[in-house]
Amino acid sequence: MGKYSGSEEWADVVPIPQNDGGPNPLAAIAYSDEYREAMEYLRAVMSNNETSERVLELTEHIISMNPAHYTVWLYRANTLFELQKRNQSDLQEDILDELQWLDGISLRHLKNYQIWHHRQTLMTHLTSLPPTEIPFLARMFAKDAKNYHVWSYRQWLVRHFSLWDTTELPYIETLLDLDVRNNSAWNHRYFVLFGRHVDPNSGKGMDEVGNIVDEDLIDQEVEYTKAKIRLAPQNQ
């Protein structure tokens with residue numbers, strides 16, 4: 001008996017097997033029995049649009065086996081928000097609990113895009129940035145200071161919560177002091193200084209940045225860059 005087929009909690013669900021193209025598929029994927037069973041039950045609850053606590057537990061189990069399964073992340077987010085509406089619970093508390101769970105997964109799977117998309121989805125339901133978020137990103141950068149997914153997410157945070165004039169520049173300077181060749185930090189520095197003038201979807205405004213930004217700021221940035229060039233003249 002499997003984890004779900006032998007559970008009274010799931011006795012009302014008829015699992016839906018994966019259709020690989022008939023009884024003798026040409027190239028069936030060799031899933032483990034544990035993963036195959038979990039996905040069969042996920043298909044069943046999705047077919048009925050079930051959103052429940054047991055669905056959250058099911059998605060957590062599947063994510064522990066395959067954290068790159070985009071559909072599972074989407075269904076988990078939908079379930080989380082539907083449960084909040086149904087139970088009339090505190091949305092911010094629910095999201096903070098989800099973020100705490102997500103932190104551990106993020107630290108174990110550093111290069112996973114789906115994790116960061118889920119995190120972004122959660123943040124769109126908050127009116128302000130949780131105080132734990134920036135310190136957590138620092139933990140991620142301590143593991144990989146050039147993680148593309150984390151930097152992309154951080155840029156989204158800056159734009160979404162208007163963090164242009166906060167602690168972004170001092171933090172970037174700290175990273176560049178540690179590694180002047182950190183291209184990701186340089187890119188983020190440019191984004192923080194000039195990105196607010198550019199439409200993120202169309203790129204409109206990019207050509208006008210030089211006319212919009214204060215000349216003193218540009219002069220200061222040129223001097224800052226020249227000082228860093230002297231530290232590593234061969235750095236691109």
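Q: Before we look at anything, what does buried mean here?
A: Buried means under 20% relative accessible area. One more thing to keep in mind is that this is a predicted model.

Q: OK. Is Asn147 buried or exposed, and why?
A: Asn147 is buried, because its relative accessibility is 1%, and the cut-off is under 20%.

Q: Where is Asn147 found?
A: In the loop between H6 and H7.

Q: Which residues does Asn147 touch, leaving out those up to four places away in sequence?
A: Leu110, Lys111 and Phe141.

Q: What lies 2.7 Å from a polar atom of the Asn147 side chain?
A: The backbone oxygen of Leu110. On the backbone nitrogen side, that of His149 lies 3.0 Å from a polar side-chain atom of Asn147.

Q: Switching to H5. Which of its residues are buried?
A: H5 covers residues 113–123, and its buried residues are Gln114, Ile115, Trp116, His118, Arg119, Leu122 and Met123.

Q: And what do those buried residues pack against?
A: Against H3, H4, helix H6 (133–143) and helix H7 (148–160).

Q: Which residue caps the N-terminal end of H5?
A: Asn112 does, with a side-chain oxygen 2.9 Å from the backbone nitrogen of Gln114.

Q: Now the largest nonpolar core. How many residues are in it, and which touch the most other members?
A: It has 55 residues. Those touching the most other members are Leu42, Leu58, Ile62, Trp116, Met123 and Leu157. Trp116 and Met123 are also among the buried residues of H5.

Q: What does Leu42 touch, again without residues up to four places away in sequence?
A: Leu58, Thr59, Ile62, Val72 and Tyr75.

Q: How many residues line it, and which lie nearest its centre?
A: The lining has 13 residues, and Glu53, Leu56, Leu80, Leu83 and Asp94 lie nearest the centre.

Q: Which helices supply at least two residues each of that lining?
A: Helix H2 (53–65), helix H3 (70–87) and helix H4 (91–108). H3 gives the largest share, 5 residues.

Q: How do the lining residues divide into nonpolar, polar and charged?
A: There are 3 nonpolar, 3 polar and 7 charged residues in the lining of the second largest pocket.

Q: Last one, Gln234. Where does it lie?
A: In the segment after helix H11 (215–231).

Q: Buried or exposed, and why?
A: Gln234 is exposed, because its relative accessible area is 72%, and exposed means over 50%.

Q: How far apart are the C-alpha atoms of Gln234 and Arg181?
A: They are separated by 10.0 Å, while the two residues are 53 residues apart along the chain.

Key:
Residues are numbered from 1 along each chain as its sequence is written. This is a predicted model: local features need pLDDT of at least 70, side-chain atom pairs count only at pLDDT 80 or more; totals for chains, interfaces and linings use all residues. Side-chain values use heavy atoms; hydrogens and water are left out. A nonpolar core is a set of buried Ala, Val, Leu, Ile, Met, Phe, Trp, Tyr and Cys residues joined through side-chain atoms within 4.5 Å. Buried means under 20% relative accessible area, exposed over 50%, partly exposed in between (1.4 Å probe, protein chains only). Contact means heavy atoms within 4.5 Å. On a 1 Å grid over the protein atoms alone, a cavity is a set of points where a 1.4 Å probe fits but cannot get out, and a pocket is an open set with protein on both sides within 12 Å along at least five of seven lines; lining residues have an atom within 4 Å of a point. Helices (H or I, at least four residues) and strands (E, at least two) are DSSP runs, numbered from the N terminus. Ala, Val, Leu, Ile, Met, Phe, Trp, Tyr, Cys and Pro count as nonpolar, Asp, Glu, Lys and Arg as charged, and the others, Gly among them, as polar. A polar contact is a pair of N or O atoms within 3.5 Å; within protein, one must be able to donate a hydrogen and the other to accept it, and residues adjacent in sequence count only if both atoms are side-chain atoms.
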